[in-house]
Amino acid sequence: MSLNGCIPAHTIPVKVPTGTALQQDPPTLFTPLKIRGLEMQNRIVVSPMGTWSAEHGHLTDFHLVHYGELAFRGPGLTVIEATSVLPNGRTSPQDSGLWADSQIAPLKRVVDWIHSRSQKVGIQLGHAGRKSSMLAPEMAPTRAPAIATESEGGWPDDVWAPSALPYSREYVTPKPLSVEGIRCLVQAFADATRRAVQAGVDFIELHAAHGYLAHQFLSPLTNTRTDEYGGSFENRIRFLLECVEAVRAEMPSSIPLSIRISATEWMEWAVERPSWDMEQSLRLAKILADMGVDILDVSSGGNHSEQRILLEPNYQLDLAHSIRQALRRDGIGMLVAAVGFIDSPEVARKTTQATDGEDEKRTADLAFVGRACLRDPSFVLRSAKELGVAVQWPFQFQMALRKRLM
């Protein structure tokens with residue numbers, strides 16, 4: 001309570017979350033979705049995006065302002081950037097982490113503020129593997145890839161991967177993980193999950209895409225091991241499955257678990273070298289569904305410097321659509337999220353809308369929106385306006401809806 005006895009307006013409980021449709025029969029994009037104990041007022045998710053603004057892995061005032069602003073404006077869920085489960089799993093020294101108990105409080109500060117506005121927040125956990133110890137883009141010369149040396153806060157002599165294969169000449173040649181090291185990593189994912197739960201997050205996603213460690217294990221291009229973690233499909237997925245099992249065991253049943261995968265590596269052109277592809281992604285999806293994974297977040301690429309991405313407006317949305325159709329044909333109800341080039345309200349609407357009223361023709365159940373939210377933090381409110389949907393606005397912004405009289 002303030003000194004004059006008045007209750008500060010920003011502490012007044014929010015009865016109707018911003019971004020909630022206030023009309024009947026809105027587009028699917030603005031319909032509620034419940035996943036376990038997570039209740040979203042719409043299907044728009046702020047995708048996890050690196051900001052290179054942490055201090056020794058700890059979130060800072062920047063993150064409170066950044067994620068607070070995004071969540072305040074009404075997405076169904078805001079996901080905090082890829083957060084490393086170990087110090088050497090960061091892509092850069094400025095990445096966020098959750099390997100120490102001291103990192104719980106700064107995360108909880110962000111979570112609590114978002115919750116105070118009746119909004120939902122999640123976190124993406126990962127380990128960069130052979131793509132770690134690099135300078136943040138703004139700190140690299142000419143913004144080109146550059147290794148972060150020890151004097152720059154890096155760990156070039158402590159980079160791990162399934163096999164000793166660098167991403168490119170600009171990256172560190174990693175040390176191959178021992179089986180004991182793999183088991184320690186699985187435990188690190190479990191420990192980071194426990195900390196995330198303590199901080200109060202509503203959603204957890206594991207990063208197994210974009211050439212990060214779990215993806216490196218999945219792909220025969222980056223996993224040349226001959227032990228139980230390499231070779232066959234069953235062996236290459238083992239690390240991810242062990243992480244899923246360990247993480248799910250640390251999570252209350254009310255919290256949904258999502259896995260982001262690269263559905264293809266865009267290396268099919270190199271026919272002499274087997275790579276991770278759509279067929280294997282679908283096999284993995286069915287296994288993950290049986291393990292209690294709630295959402296498959298479908299992305300692509302990032303694991304090989306020679307990838308040839310077919311860039312077109314729906315290049316990743318089509319991947320999500322194909323996987324979702326295949327799952328539904330087999331009677332598997334795991335939700336599918338689409339991400340990539342969802343940069344306008346109409347694309348977001350089409351991504352989640354059933355065609356001709358048929359659910360199986362829907363591209364995805366959730367639209368993960370990334371850069372469009374950076375360009376316009378009010379993407380949700382603008383989408384509602386452009387699509388003709390009346391939604392709840394923050395009461396602090398109500399004057400923006402009134403016509404000027406003078």
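Contact here means heavy atoms within 4.5 Å. The model is predicted: local features need pLDDT of at least 70, side-chain atom pairs count only at pLDDT 80 or more, and totals for chains, interfaces and linings use all residues. Numbering starts from 1 along each chain as its sequence is written, and side-chain values use heavy atoms, without hydrogens and water.

**View A. Helix α3 (residues 179-199) packs on helix α6 (residues 238-250).** Their axes lie 8 Å apart, at an angle of about 30°. α3 and α6 are therefore roughly parallel (angles under 35 degrees). From α3, Ile182, Leu185, Val186, Phe189, Ala190, Thr193, Arg194 and Val197 take part. They meet Phe239, Glu242, Cys243, Ala246, Val247 and Glu250 of α6.

**View B. Helix α2 (residues 104-116) crosses α3 at roughly 45°.** The two axes come within 8 Å. α2 and α3 are therefore oblique to each other. Ile104, Leu107, Lys108 and Val111 of α2 touch Arg195, Ala196, Gln198 and Ala199 of α3.

**View C. The largest nonpolar core has 87 residues.** Such a core is a set of buried Ala, Val, Leu, Ile, Met, Phe, Trp, Tyr and Cys residues joined through side-chain atoms within 4.5 Å; buried means under 20% relative accessible area (1.4 Å probe, protein chains only). Leu206, Phe239, Ile259 and Leu284 touch the most other members. α3 supplies the largest share of this core, nine residues.

**View D. Leu284 and its contacts.** Neighbours within four places in sequence are left aside. Leu284 then contacts Leu218, Phe233, Ile237, Leu240, Leu241, Ile261 and Trp276.

Definitions and conventions. Axes are lines fitted to C-alpha atoms, for helices over the stretch in contact, and angles run from 0 to 180 degrees between N-to-C directions. Helices (H or I, at least four residues) and strands (E, at least two) are DSSP runs, numbered from the N terminus. Angles under 35 degrees count as roughly parallel, over 145 as roughly antiparallel, 65 to 115 as roughly perpendicular and the rest as oblique. Buried means under 20% relative accessible area, exposed over 50%, partly exposed in between (1.4 Å probe, protein chains only).
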